[in-house]
Amino acid sequence: MNIVIDSHRAVSYQTYPLLLYGSIQEDCLDFLSLPPYVSVFQERKQIDDLFSLLETVRFPIPVLQSLDYFKQRDLFTYTHVLMVFALSTLLAKDLIPDDQERTRLSATGPTHDIGKICVPLHILKKTTPLTKTERNFLEHHAAAGYVLLSYYYKDFRYLACTVALDHHERRDGSGYPRGVPLNDPLTEIIAVSDIYDALIMPRPYRSSAYDHRTALEEITEMAKQNKVGWDVVKALIAHRRKSRPSYKEITISAERRGTPPAYNVHDVLEDETDPKDKTL
Ligand SMILES: [Fe+2]
Ligand SMILES: [Fe+2]
């Protein structure tokens, strides 16, 4: 893997401002002004802050072109990466006091799933349970994203690279691709934004999206199991409360009242019959 990352190091990619590229800014505004995000970003100032923070962010051209690919071929992923970018920036405002750190984090949202460019589209869009082989292909996107971004940024220590690699890791080591404990607070903000968006937005593999309450209950459950940290979960919950309390004041009810969608094959694996058996 390091040979791929180290090769071609002499050539620098031209960069371009994210918000001026294609229809990124308009698409973000559209997604944020529609349900379910219109109830998360209720104030125009939150959106203005989001864009002003990002004005200086530039991406290498091939990274921006990956967003074109998703927009044309896989709208779920395109919408997802933009909303993870928006949501993580909102949460970082509460959790990360340093402006430069926040800008660094915000620039990782749009690229955290870039490795999905290596996953066949029929797997990304499958509406029935994945086979174990297909699940492996899908989970490969984390390592693939790390390699691609390390190559484009010429530095595997760049935050976007480690976020791409580790955004499916969990505090208790139960995640993938390496199964190592997630202990970086910046990556954890992307991880929780990733989970929340995946729950509240439509997905091919289930009948409907989770409502906000049920989604928050799912993530609270993950915090109870020490898969994600409490602060980021509380920051998310604080944004759903009308009084907009500080995340430090949030107390969480143990009661579960939400109803998950009836058809959801996200964690279900299809039986994989040995191909030899099929000929019998
Ligand atoms: Fe991912
Ligand atoms: Fe994601």
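Predicted model: local features only at pLDDT ≥ 70, side-chain atom pairs only at ≥ 80, totals over all residues.

**The metal site and its surroundings**

Tutor: Asp113 bridges the iron ion (ligand 2) and the iron ion (ligand 1), which lie 3.5 Å apart.

Student: Which residues coordinate the iron ion (ligand 2)?
Tutor: Look for donors at 2.0 to 2.3 Å. Along the sequence, the donor residues follow the spacing H-x31-H-D-x80-D. The residues are His80 (NE2), His112 (NE2), Asp113 (OD) and Asp194 (OD).

Student: Is the site of the iron ion (ligand 2) tetrahedral or irregular?
Tutor: Four donors count as tetrahedral if all angles lie between 85 and 135 degrees. Among the four donor atoms here, the angles run from 85 to 177°. The site of the iron ion (ligand 2) is therefore irregular.

Student: Which residues coordinate the iron ion (ligand 1)?
Tutor: The donors lie at 2.1 to 2.2 Å. Their spacing along the chain is D-x27-H-x25-H-H. They are Asp113 (OD), His141 (NE2), His167 (NE2) and His168 (NE2).

Student: What are the angles at the iron ion (ligand 1)?
Tutor: This site also has four donor atoms. It is irregular. The angles among the donors are 87 to 176°.

Student: Is Asp113 buried or exposed?
Tutor: Buried means under 20% relative accessible area. Asp113 has 1% relative accessibility. Asp194, at 5%, counts as buried. By that cut-off, Asp113 is buried.

Student: What is the relative accessible area of His168?
Tutor: Take His167 to begin with: at 0% relative accessibility, His167 counts as buried. His168 is buried too. For His168, the value is 13%.

Student: Which residues of α3 are buried?
Tutor: Helix α3 spans residues 44-54. On the other side of α3, Arg44 and Lys45 are exposed. The buried residues are Gln46, Ile47, Leu50, Phe51, Leu53 and Leu54.

Student: What covers the buried residues of α3?
Tutor: Several helices contribute to the cover. They include α2 (24-32), α5 (75-95), α6 (99-106) and α13 (230-240).

Student: Which residues does Ser106 contact, leaving aside neighbours within four places in sequence?
Tutor: Ser106 lies in helix α6. Ser106 is buried, with a relative accessible area of 1%. Its contacts are Leu53, Leu54, Phe85 and Thr89.

Student: Are α5 and α13 roughly parallel or roughly perpendicular?
Tutor: Their axes are 10 Å apart, at an angle of about 110°. Angles of 65 to 115 degrees count as roughly perpendicular. Leu87, Leu90, Leu91, Asp94 and Leu95 in α5 meet Asp231, Val232, Ala235, Leu236 and His239 in α13. By the angle, α5 and α13 are therefore roughly perpendicular.

Student: How many Å apart are Val147 and Lys125 in space?
Tutor: Val147 is in helix α9 (residues 141-153). At 16% relative accessibility, Val147 counts as buried. Val147 and Lys125 are 22 residues apart in sequence. C-alpha to C-alpha, the distance is 23 Å.

Definitions and conventions
Residues numbered from 1 in each chain as written. Chains lettered and ligands numbered in written order. Heavy atoms only, no water. Buried < 20%, exposed > 50% of the residue type's maximum accessible area, 1.4 Å probe, protein only. Helix = DSSP H or I, 4+ residues; strand = E, 2+ residues; numbered from the N terminus. Contact = heavy atoms within 4.5 Å. Donors = N, O, S within 2.8 Å, 3.2 Å for Na, K, Ca; no water. Tetrahedral: all angles 85-135°; square planar, octahedral: opposite > 155°, others 65-115°. Axes fitted to C-alpha atoms, helices over the stretch in contact; angles between N-to-C directions. Parallel < 35°, antiparallel > 145°, perpendicular 65-115°, else oblique.
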